[in-house]
Amino acid sequence: MGTFCSVVKFENLQELKRLCHWGPIIALGVIAICSTMAMIDSVLWYWPLHTTGGSVNFIMLINWTVMILYNYFNAMFVGPGFVPLGWKPENSQDSVYLQYCKVCQAYKAPRSHHCRKCNRCVMKMDHHCPWINNCCGYQNHASFTLFLLLAPLGCIHAAFIFVMTMYTQLYNRLSFGWNTVKIDMSAARRDPLPIIPFGLAAFAATLFALGLALGTTIAVGMLFFIQAKDRIQYYQLDEVFVFPYDMGSRWKNFKQVFTWSGVPEGDGLDWPIREGCHQYSLTIEQLKQKADKRVRSVRYKVIEDYSGTCCPLNRGIKTFFTSPCTEEPRIRLQKGEFILATRGLRYWLYGDKILDDSVLEGVSRIRGWFPRNCVEKCPCDAETDQAPEGEKKNR
């Protein structure tokens, strides 16, 4: 009993709240439907357990499900690891190379970013994933990547079971006009016949599960491809930037994330760097990018109120259907306010609300997306040719 209480701590029970989100609910629902239907179809109508192949197939289905769920829950509950509150570099002089987070009251360690969803600075932050309702970062990078790899493989196996189940069960009932096709269907002849006949409900459920499996294979496979690629982008500042944490070979980079113990190398704060680079080369580059973004930002004045809804109907059909597909917030606007836009799409802009000195104290930055037709450029900025990042290429 004492061992159980030491494992199930109050903090761990609090993490269960992450399941109460649309992302985990949909993800676990898809896993449950695909795995359950694959096992039912295989045992009842395609490959019975009393055969050697059927037993191996059933064990493989269970294996896929267990491995997918293990890595999924690891990515969700282990989490990315957070920079300690109040953290500062050992050498106080190095603080000039780092950004300071007012929310965490700490300096941002190299490769870390502040997540507005988690409200903490995340070590080696990649992104906040709604499907696990957590960030992908230092501690759960390996589990998250394995989940993205195993989910499509398991869905491909399940999709094969669904297709073969429908084909074998409907072979003698429907005429496809394939008179010249000779296929050995001896494996489909069950003796004795299945306990439950393959009726309309079973066909509909199998077809639905097939659609989920194929959709998951495509969507999650694309996510895995994106995750495996180098997605780091830099501004064109007329300088050659060398990523300091690239060890020069894929194998060395791989070993930093995937280890036999399951614990990634390092502590998430200090990182091995390639020869010729500085420990804070990336943070110095980020400071340059931040300064460059301030120069490129454009000041706008709000000319119409905006309620902050995700897809506003009263702002036009094009604005409604081109709402940014992101969990980044929308900000409420009132006529007469000023916004500093840093990036934008064709019908939307992203920026910071310029607050008065009377309300600035004790208030964090208010930033997010808002419709472009709610604002107009200030006269002083309209004379310049600069546009928010992403605006030109999205026209």
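Start with helix α4 (residues 52-78) and helix α5 (residues 141-170): their axes come within 9 Å and cross at roughly 150°. That makes α4 roughly antiparallel to α5, a label for angles over 145 degrees. Axes here are lines fitted to C-alpha atoms, for helices over the stretch in contact, with angles running from 0 to 180 degrees between N-to-C directions. Helices themselves are DSSP runs (H or I, at least four residues), numbered from the N terminus.

Before going on, note that this is a predicted model, where local features need pLDDT of at least 70, side-chain atom pairs count only at pLDDT 80 or more, and totals for chains, interfaces and linings use all residues. Residues are numbered from 1 along each chain as its sequence is written, and side-chain values use heavy atoms, leaving out hydrogens and water.

Now for α3 (22-46). The axes of α3 and α4 come within 10 Å and cross at roughly 170°, and that makes α3 roughly antiparallel to α4. Their contact (heavy atoms within 4.5 Å) includes L28 and I31 of α3 and L61 and I68 of α4.

What about the second largest pocket: which residues lie nearest its centre? They are V30, I31, C155, T216 and V220, out of 26 lining residues. A pocket is an open set of points on a 1 Å grid over the protein atoms alone where a 1.4 Å probe fits, with protein on both sides within 12 Å along at least five of seven lines; lining residues have an atom within 4 Å of a point. Helices α3, α4, α5 and α6 (200-228) each give two or more residues to this lining.

Methods
Angles under 35 degrees count as roughly parallel, over 145 as roughly antiparallel, 65 to 115 as roughly perpendicular and the rest as oblique.
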